[in-house]
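Trainee: I would like to go through this structure term by term. Please set each value against its definition.

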Amino acid sequence: LIMSLIKGIHHAALKCADLKKFEETVHFYRDVLGLPVLRRWGNGEKEGIMFDTGDGLIEIFASGSAGRTTGSVNHFALATDDTDACIAAVRKAGYTIAVEPKDITIASQPPLPARIAFAVGPCGEEIEFFQEK
């Protein structure tokens with residue numbers, strides 16, 4: 001029996017192109033989605049912040065560079081009890097909705113029914129809102 005070395009996902013990290021984009025991203029996660037700030041540090045290009053999602057963190061840095069891409073992560077999913085309310089808040093704030101809310105069933109064993117939707121955040125990140133049914 002092999003025991004896992006991993007306990008869970010601690011955080012997803014975003015790097016913003018500049019300070020203006022950093023502040024917009026902080027506004028999006030704090031004010032639009034209502035995530036509480038866990039910690040914030042630094043100022044200017046050394047600035048960072050962590051939001052508590054309730055089951056992991058989103059970390060945002062002000063020190064990215066425009067057009068920078070790293071790795072192959074397609075999106076991250078935020079668990080919610082109301083996919084439609086998340087999309088309504090994101091739409092009201094003026095952000096792009098990539099996939100409208102829809103009911104799906106992932107054909108796994110056992111099947112996983114869910115209501116999902118996708119939006120594009122301030123740094124171009126794709127966010128899935130995932131509501132298990």
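Trainee: Where does T80 lie?

Mentor: T80 is in the loop between β5 and α2. Helices (H or I, at least four residues) and strands (E, at least two) are DSSP runs, numbered from the N terminus. This is a predicted model: local features need pLDDT of at least 70, side-chain atom pairs count only at pLDDT 80 or more, and totals for chains, interfaces and linings use all residues. Residues are numbered from 1 along each chain as its sequence is written, and side-chain values use heavy atoms, with hydrogens and water left out.

Trainee: Why is T80 called buried?

Mentor: The relative accessible area of T80 is 17%. Buried means under 20%, exposed over 50%, and partly exposed in between (1.4 Å probe, protein chains only). T80 is therefore buried. Across the chain, buried residues make up 34% of the 133 residues.

Trainee: What does T80 touch, not counting residues up to four places away in sequence?

Mentor: T80 touches C86, F129, F130 and Q131 on that count. Contact means heavy atoms within 4.5 Å.

Trainee: Which polar atom lies 3.0 Å from the side chain of T80?

Mentor: The backbone nitrogen of D82 lies 3.0 Å from a polar atom of that side chain.

Trainee: Which residues have the most contacts inside the largest nonpolar core?

Mentor: They are Y29, I58, I60, V90 and F129, in a core of 24 residues. A nonpolar core is a set of buried Ala, Val, Leu, Ile, Met, Phe, Trp, Tyr and Cys residues joined through side-chain atoms within 4.5 Å. Elements that each supply at least two residues include α1 (19-32), β4 (57-61), α2 (83-92) and β8 (126-132). α1 gives the most, with 5 residues. In soluble globular proteins, nonpolar side chains tend to be buried together.

Trainee: What is F129 in contact with, leaving aside its neighbours within four places in sequence?

Mentor: Its partners include L33, L78, T80, C86, V90 and A119.

Trainee: How many helices and strands does the chain have?

Mentor: There are 2 helices and 8 strands. Read along the sequence, the pattern is β-α-β-β-β-β-α-β-β-β. Among contacts between residues at least 6 apart in sequence, 48% join residues at least 24 apart.

Trainee: What makes the peptide bond from Q109 to P110 cis or trans?

Mentor: Omega is near 0°, and the bond is cis. Most peptide bonds are trans. P110 sits in the loop between β6 (97-106) and β7.

Definitions and conventions. A polar contact is a pair of N or O atoms within 3.5 Å; within protein, one must be able to donate a hydrogen and the other to accept it, and residues adjacent in sequence count only if both atoms are side-chain atoms.
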